[in-house]
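Student: Before I use a model like this one, I would like to learn how to read its core and its pockets. Could you take me through them?

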Amino acid sequence: PAHVAGAAIAALEKYIGADDVELEPVEAVLVGLEGAGAAAVLAAAAGGATPSGLAALEIAGQAVTCAPGGVAGGPGVVLGVDAAGAAAVWQALRAAGAEPVGFE
């Protein structure tokens, strides 16, 4: 979680043995795409891409990392995108048929 990124980096830095390794926080947003239609929505938003595992995709001109597995117990994927491009990805997913539901 973003609120503990600084503490996590500080804790990990004491284990770095090489001089050329540097840890820094990433401003990223995670979007869960859940349900039986998740694959179809992803394919529509990502120009037909249908990844079966960890994959790099492009949605709405933004680089997206796609990881299989939903958080709601059914089929789904988790998408990671740079915070600056998150709104464009969100809009593309909505245009492809996704409906926002929240965690509850």
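Predicted model: local features only at pLDDT ≥ 70, side-chain atom pairs only at ≥ 80, totals over all residues.

Student: Which residues have the most contacts inside the largest nonpolar core?

Tutor: In soluble globular proteins, nonpolar side chains tend to be buried together. Here the largest nonpolar core holds 20 residues, and those with the most contacts inside it are Leu-33, Leu-42, Ile-59, Leu-79 and Leu-93. Two or more core residues come from each of strand 1 (28-34), helix 2 (38-45), strand 2 (55-59), strand 3 (62-68), strand 4 (76-82) and helix 3 (86-95). Leaving aside residues up to four places away in sequence, Leu-93 touches Val-31, Leu-33, Val-41, Ala-45, Ile-59, Leu-79 and Ala-98.

Student: Which residues of helix 2 are buried, and what covers them?

Tutor: The buried residues of helix 2 are Ala-38, Val-41, Leu-42, Ala-43 and Ala-45, and their cover includes strands 1, 2, 3 and 4 together with helix 3. After helix 2 comes Gly-47, with a positive phi near 65 degrees.

Student: How much space lies in the largest pocket, and which element gives the largest share of its lining?

Tutor: Rolling a probe the size of a water molecule over the atoms shows where empty space is left. In this model the largest pocket has about 610 Å³ of space, and of its 20 lining residues the closest to the centre are Gly-32, Leu-33, Glu-34, Val-101 and Gly-102. Strand 1 gives the largest share of the lining, five residues, while helix 2 and helix 3 each supply at least two. By class, the lining comprises 14 nonpolar, three polar and three charged residues.

Terms used. Residues numbered from 1 in each chain as written. Heavy atoms only, no water. Core = buried A, V, L, I, M, F, W, Y, C linked by side-chain atoms within 4.5 Å. Buried < 20%, exposed > 50% of the residue type's maximum accessible area, 1.4 Å probe, protein only. Helix = DSSP H or I, 4+ residues; strand = E, 2+ residues; numbered from the N terminus. Contact = heavy atoms within 4.5 Å. 1 Å grid on protein atoms, 1.4 Å probe; cavity = no way out; pocket = protein on both sides within 12 Å on 5 of 7 lines; lining within 4 Å. Points joined across faces, edges and corners; volume = space filled by probe spheres on them. Nonpolar A, V, L, I, M, F, W, Y, C, P; charged D, E, K, R; others polar.
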